[in-house]
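Please open the model in your viewer and keep the selection tool at hand. The stops below proceed from one selection to the next.

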Amino acid sequence: MTTAALEAIKNSAIERIDAIYIGNVCAEILHHQVQLGALASENLGLTGIPSIRIEAADASGAAALREAYLAISSGMIRTALVIGVEKLSDGLPEEIVSITSMFDKYEYTGYQGFTQASLAALLYRHYMERYEVSQENIAQFPVIMHENASTAPHAQYQFKISVESVLNSPVVSEPLRRLECTAIADGAAAIVLCGEDALEGNRDEAIEVASVSMSTDFVSPFDREDPLKLSAVSIAFNDSLTRAKIDRREVDIIELHDSYSILAPLILESTGYSQEGRAGIDAKNGKYSLSGELPINTFGGLKARGHPFGATGVYQVAELYLQLVGQAGKNQVDNAKIGVALSLGGLAATAVSTVMRAR
Amino acid sequence: MVVRIRVPPNWRAKQFRYRLIVYRCDNCGTIHQWPAIICRKCRSTRLRQSQLPHIGKLLSFTVVRQAPIGFEEFTPYIVGVVEFEDGTRLLTQLTDCEPNELMVGMEVEAVVRKITHDGQSGLIIYGYKFRPRIT
Amino acid sequence: MRTLVKISGIAIHGYGGYIPKLRIKSEEIARIWGKGEGELPVKEKSVNNIDEDTITMALEAAKYAIARAEIDPKKIGAVNVGSESHPYAVKPSGTVVAEALGIGPSILSADFEFACKAGSEAMQMIIGLVSSGMIEYGLAIGSDTAQGRPGDALEYTAAAGAAAFVIGKSGNNVVAEFEASKSYVTDTPDFWRRDYERYPVHASRFTGEPAYFHHTISAVKMLLDEEGYKLSDFDYFVFHQPNAKFPYVAAKMLGIPSQKIEAGMLSNFIGNTYSACSLLGLVKVLDEAKPGQRILITSYGSGAGSDSFVLKVSEGIEDKRAKAPLLTKFIQRATYIDYARYLKHRDKIRV
């Protein structure tokens, strides 16, 4: 995280960081480290400033960003460093499986052996039953992710895949296949945020954070009124649009939280970009490809760029930054002015929607 | 012995796990899997103990092959959602069946089984599971 | 010297049995260990699922017994599980069974152990507790996930199952009345398990004449003589069934026509369910017996001893029988597994 943070600070040309916000999930569990905030400020030679770790499962990074955003908006601080970091490979695979079972209501589901993958699989089967769609529809999404990642230098997996290879990959938890789930990943991303009046030098390279909204839902998906409606996503998304004073049709790019393939259609349908049950068909018709009407996960998303839990929310916003400032290289979406990052905690118990806008 | 399964939280959960005793909101009917003080849906404080039905329909199911710590010896095992007549849903393991015997919509009934145990010397956890209806 | 013989005013209010779904054929075990087909003591036996144990099976059998008894569980003053495979060596199985069925907390709940007669001993004790007026109803349960050493003769028969009885003072609407009982116990080491040992040890042929037959026959003879019964007074005889043969031999030795033991014979299809064994035979008989018929059930537990009971079926049985599933439902619910899966389920693979 030190490497990413120092680079972000350098690029930002901001002289003084007033506070640090870190998104991270596994510090206590895998690294026996609490008080990550103080450790980070020490590592960055910034001891003395406020520094705190924020946790909201895999929305931690986005939640940390929101805290920084709120603090700056309040006027209490002028600049903030937001870091998302996770080193999952320090843990054994079974430890990571156990950790994700904590993203649900552990004393209800984890205690009886549910894993997050199996919960996603239950939603997946339910989705296919209700809308009478085949798995092929949902398998479109990992294909898009890998396609985009193939030209993204920072992506974890840069090989393309096909729908057949998705459907033939080993079964994780039927109907979920291996190529529909994110793998163990390590990573860090950092962003420097500042108030308008604190912008120094490089004003052209500053991208506006137009709004950051968060919402929560019943933690366990089948406790909700409709398990296939991610209301935390709808609420956060709509609130972020309202606060940014934009209409959904003005959004040029969406970075969405595809920790499992099924979450992509659920998110797109919960935000109204696809009708219920039809996100797969829209994907098949090219709507969500890089060159399509509404590109999603332009560098590969969680599946192909990678999903180091606490870092992901910051990755999403950093990638939107690259797009909006025109530095997305081969993955550049032309004329991108507004991007939204949708970050989920677990299976959308928490949702954070961040609207980024070119100035 | 390194304790993996703690006594207090598992002891507190007994009645829910053994008998499907839940806390139901008198105002809106929402159920809570532990003693709730305020309804999570409508915020009413009129909550009382209630028992879930022991027969329901299977809404969805899947198989766990990569187990969390403590469940390795049980793989592959089946998990699913049961839906009761009033629309309440319950997450549960399915037992006494193979995945190919299960169908969305089939009737399932509650039994009490061994959920897991803390090695050879730690606590044994018992709790509800559901099986295809026979009785 | 008479132990309790004549019983009056005590009845079975509800009964229930449970047999796990999985089965393994003796020929499958023989395939692995090279035994000949003619030497197999039973055709197949029940195997508990990986999530079943003595407590879970006891619980299910007890649930059916309570359903048939049609009483408020809170009226049960004792829950005693007899087993040789209690999940905890210290912490009674009955405590979990009681809480899971909404019974208690003002109850007795110690575990019983007496090899295969632990369940019937629990029955005797509960008859005593009810008779004394200390409790209104008691739940006597025999339940076992019997363990056989791989390759040993007993591996073919050591099975899993549970039987439960709600016992209380006689009333208008009961399943059957106790008329008499006899217990016969000596220090006879035919089969035992030392503390901390995984598997029991048996003395081979010694388990026959001086053990099973001596105690079974003695208990029966003493009960019949002291109470003046004739064999023809009984419509059903149920014996402990460590294999498919012994009960027929015992019947012959006593002069009992073999068709009178058929109804209660289960071990050829489900093996020896140890503490549940003779009690499940009783459950099977109660599933078909008619009011006015008389049953003699005799358990046998190694170590050794037998409990023999005379039961007279009551008018209420037909109604009560219908309130829970018949045992045949569980007997017929059978899925066959191979030896590898059996080893996995019975926790015999050293990891």
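**The two domains of chain C**

Begin with chain C, where the centres of domain 1 and domain 2, taken over C-alpha atoms, are separated by 16 Å. The model is a predicted one. To colour the two parts, select residues 10–174 together with 325–345 of chain C for domain 1, and residues 176–318 of chain C for domain 2.

Next, display the contact between these domains: domain 1 of chain C contributes 45 residues and domain 2 of chain C contributes 40 residues. On the domain 1 side, the elements that supply two or more residues are strand 1 (10–18), strand 3 (44–47), helix 4 (118–132), strand 5 (137–145), strand 6 (160–169) and helix 11 (327–332) of chain C. Helix 4 of chain C provides the largest share of that side, with 6 residues. Coloured by class, the side of domain 1 of chain C that touches domain 2 of chain C shows 23 nonpolar, 14 polar and 8 charged residues.

**A residue of the nonpolar core**

Now select Val97(C). It is among the residues with the most contacts inside the largest nonpolar core, along with Val82(A) and Ile83(A). That core has 260 residues. Leaving aside residues up to four places away in sequence, Val97(C) touches Ile55(C), Ala58(C), Leu59(C), Ala62(C), Val79(C), Val81(C) and Ile141(C). In soluble globular proteins, nonpolar side chains tend to be buried together.

**Chain B as a whole**

Move to chain B, which holds 2 helices and 8 strands. Traced from the N terminus, its elements run α-α-β-β-β-β-β-β-β-β. The C-alpha trace of chain B spans about 45 × 40 × 25 Å along its principal axes. Of the 135 residues in chain B, 37% are buried.

**A three-stranded sheet in chain B**

Within chain B, find the open sheet of 3 strands, which has the order 2-1-3 and antiparallel pairing. Its edge strands are strand 2 (31–32) and strand 3 (47–51) of chain B. Then select strand 1 (residues 21–25) of chain B, which pairs with strand 3 of chain B over 5 bridges in the antiparallel sense. Show the side chain of Arg24(B): opposite this residue, in strand 3 of chain B, stands Arg48(B).

**Where chain B meets chain A**

Finally, display chains A and B together. Their contact takes 26 residues from chain A and 27 residues from chain B. Strand 4 (55–64), strand 5 (77–83), strand 6 (89–94) and strand 7 (107–117) of chain B each supply at least two residues of the chain B side. Which strand of chain B gives the most to this side? Select strand 4 of chain B, which gives 5 residues. By class, the side of chain B that touches chain A comprises 16 nonpolar, 8 polar and 3 charged residues.

Technical notes: Residues are numbered from 1 along each chain as its sequence is written. Chains are lettered from A and ligands numbered from 1 in the order in which they are written. This is a predicted model: local features need pLDDT of at least 70, side-chain atom pairs count only at pLDDT 80 or more; totals for chains, interfaces and linings use all residues. A nonpolar core is a set of buried Ala, Val, Leu, Ile, Met, Phe, Trp, Tyr and Cys residues joined through C-beta atoms within 7 Å. A residue is buried if 20 or more other C-beta atoms lie within 10 Å of its own, exposed if 12 or fewer, and partly exposed in between; C-beta atoms are placed from the backbone. Two residues are in contact if their C-beta atoms, placed from the backbone, lie within 7 Å. Helices (H or I, at least four residues) and strands (E, at least two) are DSSP runs, numbered from the N terminus. Ala, Val, Leu, Ile, Met, Phe, Trp, Tyr, Cys and Pro count as nonpolar, Asp, Glu, Lys and Arg as charged, and the others, Gly among them, as polar. Two strands pair if DSSP finds at least two bridges between them. Domain bounds come from an automatic or database domain assignment.
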